Structures are given as C-alpha cells and as structure tokens.
Amino acid sequence: MKFNPLFDRVVIRNIEAEEVSKGGILLAGNAKEKPQTAEVVAVGPGGVVDGKEVKMVVKVGDKVVYTKYAGTEVKLDGQEYIIVKQGDILAIVE
C-alpha cells in the first residue's frame with residue numbers, strides 16, 4: 001500500500017535520533033529525544049484549504065524539521081509515519 005495525502009497534507013518518516021551523545025556516551029532507548037527531523041515520503045496536491053490557496057513547497061525526499069507535537073501517527077506495513085499539514089513543517093534541511 002502507499003499513501004496519497006489530500007489537500008495540504010504531507011506524509012513524513014522520522015529520521016532516527018543519534019545513538020551516541022556528542023561526548024561519546026551510548027544512549028539508552030528511552031534517553032533519546034524524540035526526533036523532529038524527518039524525510040518527506042508523500043505530498044498532497046495543495047489547492048484551496050479553508051478558503052486560501054495553498055501551494056506545496058516541500059517535495060518527496062526532502063529532509064524537514066517539524067513542530068514537536070504535530071500530526072497524526074500511523075503505521076503501514078510495519079513502518080511508522082506521521083501525517084502533518086505543510087504549515088507544521090518549520091524548515092527544509094539542505
């Protein structure tokens with residue numbers, strides 16, 4: 001199966017957090033901070049949302065930073081994804 005997001009929705013997949021701290025300490029699973037960096041997996045078509053024209057800026061494959069508590073988490077074929085509005089994406093990482 002695959003996602004086809006609607007309107008201004010974007011499907012993202014988290015990029016795993018660092019396993020080792022900057023000081024070289026190995027981090028336990030619960031000591032890792034929830035990642036806010038993700039890869040874009042699918043992008044909706046944009047269009048008119050709430051009476052305003054929305055142009056999609058992100059594209060599949062972009063690495064992005066998103067707001068901490070944004071979106072809806074879903075599982076598909078054993079993989080975890082988050083569906084967010086484009087407005088919840090703060091930056092594209094280059």
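Buried means under 20% relative accessible area, exposed means over 50%, and partly exposed lies in between, with a 1.4 Å probe and protein chains only. The model described here is predicted, so local features need pLDDT of at least 70, side-chain atom pairs count only at pLDDT 80 or more, and totals for chains, interfaces and linings use all residues. Residues are numbered from 1 along each chain as its sequence is written, and side-chain values use heavy atoms, with hydrogens and water left out.

The protein has 0 helices and 8 strands. Helices (H or I, at least four residues) and strands (E, at least two) are DSSP runs, numbered from the N terminus. Along the sequence the pattern is β-β-β-β-β-β-β-β. Of the 94 residues in the protein, 26% are buried. The accessible surface is about 6700 Å², and carbon and sulfur atoms account for 53% of that surface; these areas come from the Shrake-Rupley method with a 1.4 Å probe, and for residues only the protein chains shown count as cover. Contact means heavy atoms within 4.5 Å. Among contacts between residues at least 6 apart in sequence, 65% join residues at least 24 apart.

An open sheet is formed by 6 strands in the order 6-7-1-2-5-8, with antiparallel pairing. Two strands pair if DSSP finds at least two bridges between them. Strand 6 (72-76) and strand 8 (89-93) are the edge strands, each pairing on one side only. From one strand to the next the twist averages 40°, where axes are lines fitted to C-alpha atoms, for helices over the stretch in contact, and angles run from 0 to 180 degrees between N-to-C directions.

Strand 1 can be followed through its two pairings. With strand 2 (residues 37-43), strand 1 (residues 9-14) pairs in the antiparallel sense over 5 bridges. In this pairing isoleucine 12 stands opposite valine 40, and asparagine 14 stands opposite alanine 38. Strand 1 is also joined to strand 7 by 4 bridges, again running antiparallel. Here valine 11 has isoleucine 83 as its bridge partner in strand 7. In a regular strand the side chains alternate between the two faces of the sheet.

Which residues have the most contacts inside the largest nonpolar core? They are Val10, Ile12, Val64 and Val84, in a core of 14 residues. A nonpolar core is a set of buried Ala, Val, Leu, Ile, Met, Phe, Trp, Tyr and Cys residues joined through side-chain atoms within 4.5 Å. At least two residues of this core come from each of strand 1, strand 2, strand 5 (63-66) and strand 7. Valine 84, leaving aside neighbours within four places in sequence, is in contact with Asp8, Arg9, Val10, Ile12, Ala70, Gly71 and Ile89.

Valine 43 lies in strand 2. Its relative accessible area is 24%, so valine 43 counts as partly exposed. Not counting residues up to four places away in sequence, valine 43 touches Pro5, Arg9, Met56, Val58, Lys59 and Val60. Valine 43 and valine 60 are 17 residues apart in sequence, and their C-alpha atoms are 6.6 Å apart in space.

The structure holds 1 aromatic pair. Phenylalanine 3 and tyrosine 81 form it in an edge-to-face arrangement, 5.2 Å centre to centre with 75° between the planes. Rings of Phe, Tyr and Trp (its six-membered ring) pair if their centres lie within 6.5 Å; planes under 30 degrees apart count as stacked, over 60 as edge-to-face and the rest as tilted. The pair links distant parts of the chain, 78 residues apart: phenylalanine 3 is in the segment before strand 1, and tyrosine 81 is in strand 7 (residues 79-85). Tyrosine 81 is buried because its relative accessible area is 12%, whereas phenylalanine 3 is partly exposed at 21%.

Two backbone angles remain. Most residues other than glycine have a negative phi, and most peptide bonds are trans. Phenylalanine 7, although not a glycine, has a positive phi of about 50°, and lies in the segment before strand 1. Aspartate 77 also has a positive phi, near 55°. Strand 6 and strand 7 pair in the antiparallel sense over 5 bridges, with lysine 75 opposite glutamate 80. Their hairpin has 2 residues between the strands, and aspartate 77 takes its positive phi there. Is aspartate 77 buried or exposed? With a relative accessible area of 64%, aspartate 77 is exposed.
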